[in-house]
Amino acid sequence: MTSADDVARRLGDEPFVDLVSFRPDGSPAHTPVWVSGDGRTLFVSTFGDSWKVRRIRANPVVAVAACDGPGALLPGERYVAGRAEVLDRSEFRPGVRAHRAKYGTHFSLMWPARWPLRLVGKKRVWILVVPTPDVELPHIDPPVVPPPAAPPPAAPPPDLDPSS
């Protein structure tokens with residue numbers, strides 16, 4: 001059995017994880033998120049009024065697995081149970097430091113961009129997830145991720161035949 005710290009370190013190194021929270025009827029709600037961590041806990045930053053925050057406040061049991069940006073699970077990934085806590089502080093220093101160290105310039109540019117959103121009532125919070133790999137999860141189907149849109153067909157070359 002894999003230890004909780006091993007899971008936290010492995011998933012904390014992934015660019016994205018599928019954070020699964022559960023609706024009141026028990027059905028899973030998939031959300032691909034940026035993630036960082038400290039080797040024991042995973043850190044996720046999001047808006048305080050998001051549905052995932054509402055679901056986690058009602059039920060702190062979550063599932064996590066490594067995924068790509070659109071949310072498709074990486075090959076061989078399995079969901080691991082976790083216990084989530086919503087931290088109502090946008091300036092959670094360990095999370096900010098870990099995200100900045102991991103995502104670099106991209107995070108450093110995006111983080112200040114959130115301040116104008118506070119003027120219209122959008123507040124960021126942190127979700128802290130402690131993996132609990134020894135907890136049994138119900139079966140969770142992977143998310144259905146639509147394939148990328150195909151590029152439009154190329155226009156046919158102009159007719160270069162001088163006889164027409």
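This is a predicted model: local features need pLDDT of at least 70, side-chain atom pairs count only at pLDDT 80 or more; totals for chains, interfaces and linings use all residues.
Arg10 belongs to helix 1 and Glu77 to the loop between strand 5 and strand 6, so the pair ties together parts 67 residues apart in sequence. Glu77, at 19% relative accessibility, counts as buried.

The whole structure contains 3 salt bridges. One of them joins Arg9 to Asp6, with closest N and O atoms 2.7 Å apart; both residues lie in helix 1, 3 residues apart, or about one turn of the helix. Another joins Arg40 to Asp5 at 3.5 Å between the closest N and O atoms. This pair links distant parts of the chain, as Arg40 sits in the loop between strand 3 and strand 4, while Asp5 is in helix 1 (residues 4-12), 35 residues away. Arg40 is exposed at 57% relative accessibility, whereas Asp5 is partly exposed at 25%.

The open sheet has 7 strands in the order 2-1-5-6-7-4-3, paired antiparallel. Strand 2 (28-34) and strand 3 (36-37) are the edge strands, each pairing on one side only. Strand 3 pairs with strand 4 (residues 42-47) over 2 bridges, and Gly37 has Leu42 in strand 4 as its bridge partner.

Helix 2 (residues 51-58) lies across several strands, including strand 1 (16-22), to which helix 2 runs at about 55°.

## Ile127

Ile127 is in strand 7 (residues 124-131) and counts as buried, with 0% relative accessibility. Among the residues that Ile127 touches are Leu19, Leu42, Val53 and Ile56. The C-alpha atoms of Ile127 and Gly95 are 9.4 Å apart.

Methods:
Residues are numbered from 1 along each chain as its sequence is written. Side-chain values use heavy atoms; hydrogens and water are left out. Helices (H or I, at least four residues) and strands (E, at least two) are DSSP runs, numbered from the N terminus. Buried means under 20% relative accessible area, exposed over 50%, partly exposed in between (1.4 Å probe, protein chains only). Contact means heavy atoms within 4.5 Å. Two strands pair if DSSP finds at least two bridges between them. Axes are lines fitted to C-alpha atoms, for helices over the stretch in contact, and angles run from 0 to 180 degrees between N-to-C directions. A salt bridge is a side-chain nitrogen of Lys or Arg within 4 Å of a carboxyl oxygen of Asp or Glu. Lists of a residue's contacts leave out its neighbours within four places in sequence.
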